[in-house]
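Thanks for coming, everyone. Please bring up the model on your screens, and we will walk through it together.

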Amino acid sequence: MKAKERSDLQEAISLCKGSFATAGFFSLFINFLMLVPAIYMLQLYDRVITSGSVPTLLMLTMIMVVLFITMGALEWVRSQILVRVGSRLETLLNERLFGATFKQALYQNSGSSQPLDDLTGIRQFLTGNGLFAFFDAPWMPIYIAVMFMFHPWYGWMAVGTVIILIILALINEQVTNNTLKEANELSIKSRGLVNKNLRNAEVVDSMGMLAGIRQRWQEGTTKVLFLQAKASSKAGAVTSLSKTLRMMAQSLVLGLGGYLVLQQEITPGLMIAGSILLGRALAPIDLMINSWKGFVAARGQYQRLNEILLQIPKEKEKMALPPPEGQISVDNIVIAPPSTRTPIVKGVTIDLAAGESLGIIGPSAAGKSTLARALLGIWPAVSGKVRLDGVDIFDWDRAELGPYIGYLPQDIELFEGTIGENISRFGEINPDLVVAAAKMADVHEMILELPEGYDTTIGAAGGVLSGGQRQRVGLARAIYGDPKFILLDEPNSNLDEQGEIALAKVIGALKQKGITVIIITHRPAILGILDKVLIMNEGQTVAFGPRDEVLNQMQQKAQSNVAKNSQSVAPITVTPVV
């Protein structure tokens, strides 16, 4: 039977198991030293008070102080070990999780920083007090064994109390787990909706949609508050009951000790020590119940991280390939969004030599942007292949291939940083290449007019830039460096006549450099400077080939349809009015 696949999170925790073992080893000595108050009390009552010896009192007190200092030092070391475990886990996983988060956004169209927040939550749980209860609980038998040494009745009372508290802990798990899980899921969903709405703040404000969106958010928030309050109410009842039983048990064991003293079965020192020891034995269970909410949250975070890391496996290292020349071949490709698996592009075949240009046209929802995602290696094909220089696009190392790819999406996304950083793709800035790309995109003069030029800071929405200016900055980013394949999705959607002319010059310059260019457009005017044309409709190829051949074919087809329609229309007779 094949061994169950382990996620990167499980592997990372496995690498830290030595540190967990060390923390457990320190916990052994810490829990032994927890016996010090009971033993000190026992010696105080049974030796010092009965003998009246001040030197014995001083010596016992000095030993007790040294042991407490040692215990404090060991607890500090244990906490530091767990802090470092949390930091190591985040160091081991943050890069991997950062990449998986972006892959999730690509494949599921649900970008969210939640996985990174989950990793932070696990690290915080590892450094909190709740985890200490799980380290201390295994040593509970030590305290119970000592209580049996004091007197069997002490031991059995401790066993009975521990069983009752464990049952309460299990009840707490049953009555709160599902409710807290649902509340956490709703809270994550609500935060995601808020983030999406904030990205569209202009639309929301301009059309007075804020009240309706706020109401939807409040409905979700109210439900989360209700579920959390419901879980907290149940957990609070269990916590109060466990605390009451623990305090009652400590008092009852004191009464039991008093009875045993009267029966002369134990000494007064054992009476006090037994109460202290029982409190220490029950402390881990009490702490578990009090910190159960944090434990449930951490468990949910762990499960979500496992799920995403298993769904999106780590990319294998790929052999370095020579720089691409830009030859594109698409063989009968079928493409579906990874989240739905319903084909949108069906059986498209394309062949472009290096340096050729292609225009993709068609009505809305024809599958043009979906095809673009496959050409760039963003979405995998259900069947068929996209090849760059004869190599499957997914066999290229993305970090190595990226500088040779230029992409201008339909929705221009600029990033927090300077204009120069955006054009240089947030790599090492080469001023000459940045200026050259800006000049080619006809945006250099506009940038120089800004207060800080290329050092002007912009946000994700472009900040001080208009739609057309953002599009040109995005175009400069696409052609920055030495790309061999450039895909422009509706590059002229926000351009005026001057921008259209500049775009045509850019495409001409790219062709002269031997760069393969694919343009998705609704405006047929730009097709005049391209080599080939692909016409799509409902995800299928209507026509593909050299530009003039395809356009003539479509023109003849249109004329034929007009002639057929004119023949099928009955003649209209106009009768004069007398």
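Start with strand S3, residues 357-361, and strand S11, residues 532-537. These two run parallel, and four bridges join them. Find Leu358: opposite this residue, in S11, stands Lys532. One caution before we go on: this is a predicted model.

Now stay on S11 and look at its partner S12. Here the strands run antiparallel, joined by six bridges. Met536 faces Thr541 of S12. S11 and S12 make a hairpin, with two residues between the strands. Look at Glu538 in that hairpin. Its phi is positive, near 55°.

Let's step back to the whole sheet. What is the order of its six strands? Reading across, the order is S6-S9-S10-S3-S11-S12. The sheet is open, and its pairing is mixed. As a general point, strands of a sheet pair through backbone hydrogen bonds, in either a parallel or an antiparallel way.

Which strands sit at the edges? They are S6, at 405-408, and S12, at 540-546. Each of these pairs on one side only. On average, neighbouring strands in this sheet are turned by 10° against each other, with direction ignored.

H18, residues 467-479, lies across S6 and strand S9, which covers 485-489. Relative to S6, H18 runs at about 165°.

Next, the other sheet I want to show. Four strands form this open sheet, in the order S2-S1-S4-S5. Its pairing is antiparallel. The edge strands are S2, at 345-352, and S5, at 391-392, and each of them pairs on one side only.

Look at strand S1, residues 328-335, beside strand S4, residues 381-388. Six bridges hold this antiparallel pair. Val334 has Ser383 of S4 as its bridge partner. Ser329 stands opposite Arg387, also in S4.

Keep Arg387 in view. Over in S5, the bridge partner of Arg387 is Asp392. S4 and S5 pair over two bridges, in the antiparallel sense. They form a hairpin, again with two residues between them. In that turn, Asp389 has a positive phi of about 55°.

H13, residues 368-375, lies across S1, S2 and S4. Its direction is at about 120° to S1.

On to helix packing. Two packed helices are described by the angle between their axes and the distance between the axes. Take H10, residues 210-262, and H11, residues 268-290. They pack at an angle of about 165°, and their axes are 9 Å apart. That angle makes H10 roughly antiparallel to H11. The crossing is right-handed.

What does each helix bring to this contact? From H10, the residues include Val238, Arg246, Val253, Leu254 and Val261. From H11, they include Met271, Ile272, Leu278, Leu282 and Asp286. By class, the contact of H10 with H11 has eleven nonpolar, nine polar and three charged residues.

Now the second pair: H5, residues 114-126, and H12, residues 292-311. Their axes are 9 Å apart, and the packing angle is about 135°. H5 is therefore oblique to H12. Is the crossing left-handed or right-handed? H5 passes H12 in a left-handed crossing.

On the H5 side, the contact includes Leu119, Ile122 and Phe125. On the H12 side, look for Phe295, Tyr302, Leu305 and Ile308, among others. Nine residues of the contact of H5 with H12 are nonpolar, four are polar and two are charged.

Last, zoom out. The protein chain has 20 helices and twelve strands. Its radius of gyration is 36 Å. The globule rule for 578 residues gives 25 Å, and the value here is well over that, so the chain is more spread out than a compact globule. Along its principal axes, the C-alpha trace spans about 130 × 70 × 60 Å.

That is the tour. I'm happy to take questions.

Key: Residues are numbered from 1 along each chain as its sequence is written. This is a predicted model: local features need pLDDT of at least 70, side-chain atom pairs count only at pLDDT 80 or more; totals for chains, interfaces and linings use all residues. Side-chain values use heavy atoms; hydrogens and water are left out. Axes are lines fitted to C-alpha atoms, for helices over the stretch in contact, and angles run from 0 to 180 degrees between N-to-C directions. Angles under 35 degrees count as roughly parallel, over 145 as roughly antiparallel, 65 to 115 as roughly perpendicular and the rest as oblique. A crossing is left-handed if the near helix is turned anticlockwise from the far one by less than a right angle, and right-handed if clockwise. Contact means heavy atoms within 4.5 Å. Ala, Val, Leu, Ile, Met, Phe, Trp, Tyr, Cys and Pro count as nonpolar, Asp, Glu, Lys and Arg as charged, and the others, Gly among them, as polar. Two strands pair if DSSP finds at least two bridges between them. The radius of gyration is taken over C-alpha atoms; the globule rule is 2.2 Å times the number of residues to the power 0.38.
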